[in-house]
Amino acid sequence: MAIERTISIIKPDAVAKNVIGQIYSRFENAGLQIIAARMVHLSQAQAEGFYAVHKERPFFKDLVSFMTSGPVMVQVLEGENAVAKNRELMGATNPKNADPGTIRADFADSIDENAVHGSDSLDNAAIEIAYFFGKDGDLCPRTR
Ligand code: UDP
């Protein structure tokens with residue numbers, strides 16, 4: 001299996017619930033390493049830019065308003081099959097449909113306030129990593 005990198009965002013609802021550590025434990029227990037992390041309170045422009053692919057969707061305005069309602073925790077996860085593994089840990093977009101034991105089943109309240117974001121493909125992961133961690137030295141893969 002390939003070693004991949006993906007973006008995870010702990011959204012404002014989960015940050016407000018004080019479960020960053022519990023979510024990080026799930027990444028670590030699944031063999032994913034956190035190789036970059038940044039807490040940021042997104043501006044409207046940053047949130048709109050990040051979710052630009054959804055700008056024609058009916059929920060776009062509410063999504064941007066939610067994502068700017070409080071700080072988020074953004075991290076790059078590295079490991080075997082990181083993109084799919086993170087999506088598996090997250091669970092379905094709508095927490096009502098999320099498998100028991102997934103992050104969204106345990107921490108999300110609704111389809112719009114659903115605790116976490118995760119890149120949905122390797123190509124999008126590269127774009128999203130560059131969006132938040134563009135500078136040399138931002139990524140810190142393990143050396144031991
Ligand atoms: N979303 C929403 N209402 C919807 C569908 C999606 O508010 O009916 C939000 C939700 O926060 C979701 C994000 O838009 O996580 C991106 O949607 P996508 O379908 O890409 O789901 P994800 O990849 O996050 O599971």
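## Contacts with the ligand

A polar contact here is a pair of N or O atoms within 3.5 Å; within protein, one must be able to donate a hydrogen and the other to accept it, and residues adjacent in sequence count only if both atoms are side-chain atoms. In this predicted model, Asn114 has a polar side-chain atom 2.9 Å from a ligand oxygen. For Thr93, the distance from a side-chain N or O atom to an oxygen of the ligand is 2.6 Å, and for Lys11 it is 3.0 Å. The ligand has 510 Å² of accessible area on its own, and the protein covers 81% of that (Shrake-Rupley method, 1.4 Å probe).

Local features need pLDDT of at least 70 and side-chain atom pairs 80 or more, while totals for chains, interfaces and linings use all residues. Numbering runs from 1 along each chain as its sequence is written, and side-chain values use heavy atoms, with hydrogens and water left out.

## Who's around it

Around the ligand you'll find Lys11, His54, Phe59, Leu63, Arg87, Thr93, Arg104, Ile111, Asp112 and Asn114, each with a heavy atom within 4 Å of it. That shell splits into four charged, three polar and three nonpolar residues; Asp, Glu, Lys and Arg count as charged, Ala, Val, Leu, Ile, Met, Phe, Trp, Tyr, Cys and Pro as nonpolar, and the others, Gly among them, as polar.

## What the record says

Under "binding site", an unreviewed UniProt entry lists Lys11, Phe59, Arg87, Thr93, Arg104 and Asn114. Such annotations may be inferred rather than shown by experiment. The unreviewed entry also puts "domain: Nucleoside diphosphate kinase-like" at residues 3-141.
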